[in-house]
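Subject: Structure handover

Hello,

Here is the structure I said I would pass on. My notes on it follow below.

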Amino acid sequence: MHNVVIIGSGPAGLTAAIYAARANLVPLLIEGWMAGGQLTTTTEVENYPGFAKGIMGPELMKEMRSQAERFGTVFKIGDATSVDLRTRPFQIIVDGEEALETKTLIIATGASPITLGLSNEKRLWGHGVSSCATCDGFFFKGKELVVVGGGDSAMEEATFLTKFATKVSVVHRRDKLRASKIMQDRAMKNEKIAFVWNSVVEDILGQDVVAGVRIRNVVTGKAWDLPCSGFFLAIGHHPNTALFNGQLKMDGAGYIVTNHGTATDVPGVFAAGDVQDPHYRQAITAAGTGGMAAIDAERFLEASGQG
Ligand code: NAP
C-alpha cells in the first residue's frame, strides 16, 4: 500500500511529488495521457520565478520531473481510469487493470482545452484544427491562420504562430481583450496579427483540411467567410474531474472544492492546481498548491497515526 498517490504530472503534481518524496513518503505519481501537463504544449514561460530569461514550458516540466525523481518519486505511465474514495485505503485503477491502494491521494489532474462544440471542429481536428500552437504551428509555414479567444492563451498562440504564418487573425467575441496588458501589447504591435472584434466562429470550412472559417459579427449580425489553413482554439479550459464525479464536492463548473489549504471533503484526499482553481490558473500557483497538498497529506498521515 502507498502512503501517497498523486494523479497528474503538471506543476501541481510534480511539486507535490518533490515535497512528498523529500518527506520520505515515497510517492507514486500516475502521469496521465499528457505527461507534463499543459506546459508541455506552451512556448516560453516568462513569469515563473527563478528564470530571469524565461524557460520553455517542456524544459521546465523536464526539470521538475528530474527533481521529483531525484528524491525517490515512483512514476507510473498510464491513466487513472477509476477511483473509489468510499473505501479505506483508497482504491485506484490504472489503465483499467492495475489496482493500487493508498492512504492518501493528491489530485492534480489539471484542466483541458474548451472547444466550440462545432461538428466540423471534431471532424477536422488534427487536419488544421488544433489547440496547441507549439505542437502544430510548424505545419503552417507561409499560411494564413485564425485563432479564437481573447485571453493570454490566444495572445500567446497568435504571437507564436507568426513565426510560421504570413498572417494570424484573432477572432474575439467582444471588443475588449481579457489578456494581460503585456501580452495584449505584444500581439497588437505584431504586424502579422489582425483582430476581428465582436465576432464568433460559426463554422469551420473545408473537406479534408481546414480551408477557412465562417464568422458572424455579433453586433451587425453579418456573416462572412475568412479563408485560412489552420484554426487554433484558445478559449479557456475545463477541469479534469470526471473521474471523481459523485465522490467529491465540486462547484457548478466542475472544479473540486478545497478548504483549509488543499483538503477536499473526503479526509485524506487533497487537490492541487488547475483542477481546484478557477481563479489564478498559473504554473506558479499550481506548483504552490502542489507543495501545500504534499504537506497537508504528510500532516494527515501523522495526525491519523499512519505516518
Ligand atoms: P481565459 O483567460 O479564460 O480566456 C478565454 C478567452 O476565450 C476569453 O477572452 C473568452 O472571452 C473567450 N471565450 C471563452 N469561451 C468562448 C466561446 N465559447 N467562444 C468564443 N470565445 C470564448 O483563458 P486562457 O487565455 O486560456 O487563460 C487561462 C489562464 O491561464 C489565465 O489565468 C491566464 O492568465 C493564464 N495564462 C497565462 C499565460 C502567460 O502568462 N504566459 C499564458 C496563457 C495562459 P471573454 O473575454 O469574452 O470571456
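This is a predicted model: local features need pLDDT of at least 70, side-chain atom pairs count only at pLDDT 80 or more; totals for chains, interfaces and linings use all residues.

Domains

The domain assignment gives two parts: domain 1 (2–112 + 237–303) and domain 2 (115–233). Their centres, taken over C-alpha atoms, are 31 Å apart. Contact between them involves 6 residues of domain 1 and 7 residues of domain 2.

Ligand

- Arg174: a polar side-chain atom lies 2.7 Å from a ligand oxygen.
- Arg173: a polar side-chain atom lies 3.0 Å from a ligand oxygen.
- Gly150: here a backbone N or O atom lies 3.0 Å from a ligand oxygen.

On its own the ligand has 920 Å² of accessible area, and the protein covers 78% of it.

Helix H5

H5 spans residues 152–161, and its buried residues are Ala154, Met155, Glu157, Ala158, Phe160 and Leu161. The cover over these buried residues includes helices H4 (133–136) and H6 (181–189). It also includes strands S11 (144–148), S12 (167–171), S13 (193–196) and S17 (230–233).

Backbone

Most residues other than glycine have a negative phi, and most peptide bonds are trans. Some places to check against that:

- Pro89: the peptide bond from Arg88 to Pro89 is cis, with omega near -5 degrees. Pro89 sits in the loop between strand S6 (80–84) and strand S7 (90–94).
- Asn198: phi is positive, about 50 degrees, although this residue is not a glycine. Asn198 belongs to the loop between S13 and strand S14 (199–205).
- Arg281: phi is again positive, about 50 degrees, and this is not a glycine either. The loop that holds Arg281 runs between strand S19 (269–271) and helix H7 (283–303). Is Arg281 buried, partly exposed or exposed? Its relative accessibility is 41%, so Arg281 counts as partly exposed, since that class lies between 20% and 50%.

Regards

Note on methods
Residues are numbered from 1 along each chain as its sequence is written. Side-chain values use heavy atoms; hydrogens and water are left out. Buried means under 20% relative accessible area, exposed over 50%, partly exposed in between (1.4 Å probe, protein chains only). Helices (H or I, at least four residues) and strands (E, at least two) are DSSP runs, numbered from the N terminus. Contact means heavy atoms within 4.5 Å. A polar contact is a pair of N or O atoms within 3.5 Å; within protein, one must be able to donate a hydrogen and the other to accept it, and residues adjacent in sequence count only if both atoms are side-chain atoms. Accessible areas come from the Shrake-Rupley method with a 1.4 Å probe; for residues, only the protein chains shown count as cover. Domain bounds come from an automatic or database domain assignment.
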